[in-house]
Amino acid sequence: MEDFKVINNYLMIRMPEEIDHHESVDISSKADRYIMSGRVENVVFDFERTTFMDSSGVGIILGRYKKVSCFGGKVYAVNADSRIRRILLMSGLQNIVEIMDPKKKCGEVLQ
Amino acid sequence: MIEIVEKKEIGAVTNEVRVEFAAVSDNESFARMAVAAFITPLNPTLEELSDVKTAVSEAVTNAVIHGYENRGERNDKVFMTCVLRGDVLEVEIADQGVGIEDVDAAMTPLYTTKPDMDRSGMGFAFMEAFMDDLEVRSEPGRGTNVRMCKKIGTHPWVGSED
């Protein structure tokens with residue numbers, strides 16, 4: 001499975017096992033290439049295999065939100081476990097990102 | 001260079017590790033995994049492990065991208081000292097980089113000097129939230145020293161027979 005996939009106008013990003021500053025630079029620049037291509041309106045971050053995330057993950061989400069929100073796009077977080085959820089909530093991201101129920105699968109965002 | 005010094009019953013220090021590594025982003029994961037391995041004998045919960053790893057990751061990232069301005073030079077070094085005093089972990093992460101002009105401002109949640117680099121400004125807030133104690137000393141032009149403490153194993157280990 002590819003880590004980046006466009007379905008309709010949703011960019012699905014399969015996040016790595018560990019998200020830190022080292023990993024974040026690459027994810028952000030790849031995501032931005034998709035966003036700038038004009039085919040993408042919304043971004044879905046899938047944390048299914050992620051076991052570690054620091055504030056760099058918050059930075060990735062915030063940065064992509066700033067880019068898609070000015071064109072009316074939305075940002076979603078799916079499959080975030082309790083620790084990742086805690087980090088998202090501590091940063092106040094629930095106000096700008098739809099944090100989906102962990103039972104919901106990635107594809108359900110599209111419906 | 002890894003130096004492991006084990007001291008038994010000398011003062012209150014039960015174990016001590018000192019690591020010096022290049023200030024490159026590859027070492028962020030090394031640093032948090034080293035600390036995680038260091039506290040394993042205390043039988044930390046998954047949550048405690050995750051808390052410590054996140055805090056260490058934040059401090060090392062700060063040293064790499066702010067202290068040494070993300071230059072990626074192998075001569076720039078981060079110094080990490082882990083000390084165990086009974087069940088209390090003490091981690092010190094120091095750099096000899098540019099330092100912080102205004103530590104109070106830097107510690108304010110969402111404050112960042114690098115918003116263009118997608119930094120969230122939550123680094124110090126996470127260190128403060130995930131550890132029991134946080135102390136930041138910095139001198140512009142000389143470097144920054146972050147000291148964090150956390151009591152590990154606050155939940156009794158039920159699996160122990162002896």
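A crossing of two helices is left-handed if the near helix is turned anticlockwise from the far one by less than a right angle, and right-handed if clockwise. In chain B, the crossing of H1(B) and H2(B) is right-handed. This is a predicted model, in which local features need pLDDT of at least 70 and side-chain atom pairs count only at pLDDT 80 or more, while totals for chains, interfaces and linings use all residues. Residues are numbered from 1 along each chain as its sequence is written, and chains are lettered from A.

The axes of H1(B) and H2(B) come within 8 Å and cross at roughly 145° (axes are lines fitted to C-alpha atoms, for helices over the stretch in contact, and angles run from 0 to 180 degrees between N-to-C directions). Helices (H or I, at least four residues) and strands (E, at least two) are DSSP runs, numbered from the N terminus.

Chain A contains an open sheet of five strands in the order S1-S2-S4-S6-S7, with mixed pairing; two strands pair if DSSP finds at least two bridges between them. S1(A) and S7(A) stand at the edges with a single partner strand each, so one side of each is left without a neighbour in the sheet. The twist averages 20° from one strand to the next. S1(A) and S2(A) run antiparallel and are joined by four bridges.

The elements described above include the following.

| Element | Residues |
|---|---|
| H1(B) | 27-39 |
| H2(B) | 46-67 |
| S1(A) | 4-7 |
| S7(A) | 97-99 |
| S2(A) | 10-14 |
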